[in-house]
Amino acid sequence: MTSAAPQDLVVTQATLADWPVISGWAAAEGWNPGLSDGPAFFAQDPEGFFLGRIDGEPVSAVSVVNYGSDYAFLGCYLVRPDLRGHGHGLTTWKTALAHAGNRTVGLDGVVAQQDNYRQSGFELAYRTIRFTGTGPEGEVAPGVRLARPADLAAIATYDNACCPADRPRFLTAWLAGPGHRVFVRHDGERLTGYGVIRPGLDRPRIGPLFADTAEDARALFTALAADAAGREVAIDVPEPNTAGVALAEEAGFRPSFETARMYTGPVRAYAQERVYGVTTLELG
């Protein structure tokens, strides 16, 4: 897919080799990208990433990653600061959005851009708040442990129930990513939640944190934060999950950033009450 624009902007699909450029721009915006996000992102939809270039030099980016036949997620919407205000971002956006076809598209966008997103057909669903802080010290709760290979099928089933779409390719790569640590809580019969912590540019990031109850979430959250060995960590909490917000606040975490979850249409029903921490703002 290729598109030309004023000032000789050419938009083409990006490859994993281009990820350092995209993640570098994200880092400059203070988004704290995960150090090994790229392979998992591209595993889900290797054709869902786009770069705009002028004379071969990257100037803009956006991703529209397809999940099945009904849902896609838009992220990584970036324009090089010195070339903003020339329409390069919008041209890249329009080219990439066509990749979604007739799917409902979701995004986690900065609040200041909500009006612009509405003009493209997106409607606000809820806010997501990034909390940062040093996790509470405490003993590992009963039933919490590092994931084992035998847990992977149960994790995938649990994950499907907590998301607007199944994402097996992404999840397989995400759980096995370099530096990614996966914890589960198990009651002896079934999984009652799982979470991942991964290294980020500025601080480790927790995501996802999915759990049946606030007690399960707290047990996993404590283990995940403790795994960071006293370092400050970040977690993105959907505001409608008041138990998740309370969990972060009770741990002494403070709000540092917020985004707006928006959709262009309906998404399948999923267990939003189990989502205590979003997997990633870039892919949902």
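How many cavities of 30 Å³ or more does a search of the whole structure find? The search finds one.

**Figure 1. Overview of the predicted chain.** This is a predicted model, in which local features need pLDDT of at least 70, side-chain atom pairs count only at pLDDT 80 or more, and totals for chains, interfaces and linings use all residues. Residues are numbered from 1 along each chain as its sequence is written, and side-chain values use heavy atoms, with hydrogens and water left out. The protein chain has eight helices and 14 strands (DSSP runs numbered from the N terminus: H or I of at least four residues for helices, E of at least two for strands). Its radius of gyration is 19 Å, close to the 19 Å that the globule rule gives for 284 residues, so the chain is as compact as a globular protein of that length. That radius is taken over C-alpha atoms, and the rule is 2.2 Å times the number of residues to the power 0.38. Along the principal axes, the C-alpha atoms fill a box of roughly 60 × 35 × 35 Å. Of the 284 residues, 54% count as buried (under 20% relative accessible area; exposed is over 50%, partly exposed in between; 1.4 Å probe, protein chains only).

**Figure 2. The largest cavity.** A cavity is a set of points on a 1 Å grid over the protein atoms alone where a 1.4 Å probe fits but cannot get out; a pocket is an open set with protein on both sides within 12 Å along at least five of seven lines; lining residues have an atom within 4 Å of a point. Grid points are joined across faces, edges and corners, and a volume is the space filled by probe spheres set on the points. The largest cavity holds about 30 Å³. Trp19, Ala26, Pro33, Asp37, Phe41, Cys76 and Glu282 line it. Helices α1 (19-28) and α2 (37-44) each give two or more residues to this lining. By class, the lining has five nonpolar, no polar and two charged residues (nonpolar: Ala, Val, Leu, Ile, Met, Phe, Trp, Tyr, Cys and Pro; charged: Asp, Glu, Lys and Arg; polar: the others, Gly among them).

**Figure 3. The largest pocket.** Its space is about 640 Å³. Of its 31 lining residues, Tyr77, Leu78, Val110, Gln113 and Tyr117 lie nearest the centre. Elements giving two or more residues to the lining include α3 (88-97), β6 (104-110) and β13 (254-263). Strand β5 gives the most, with six residues. The lining counts 14 nonpolar, 12 polar and five charged residues.

**Figure 4. The second largest pocket.** This pocket has a volume of about 230 Å³. Its lining has 21 residues, with Tyr126, Cys162, Pro164, Arg261 and Tyr270 nearest the centre. They divide into 14 nonpolar, four polar and three charged.

**Figure 5. The largest nonpolar core and Phe49.** A nonpolar core is a set of buried Ala, Val, Leu, Ile, Met, Phe, Trp, Tyr and Cys residues joined through side-chain atoms within 4.5 Å. The largest has 38 residues, and Ile22, Phe41, Phe49, Ile155 and Tyr194 touch the most other members. A second, separate core of 25 residues includes Leu209 and Tyr276. Phe49 is found in strand β3 (residues 49-54). Phe49 counts as buried because its relative accessibility is 0%. Not counting residues up to four places away in sequence, Phe49 touches residues including Trp19, Phe41 and Leu283 (contact: heavy atoms within 4.5 Å). The C-alpha atoms of Phe49 and Val64 are separated by 6.4 Å.
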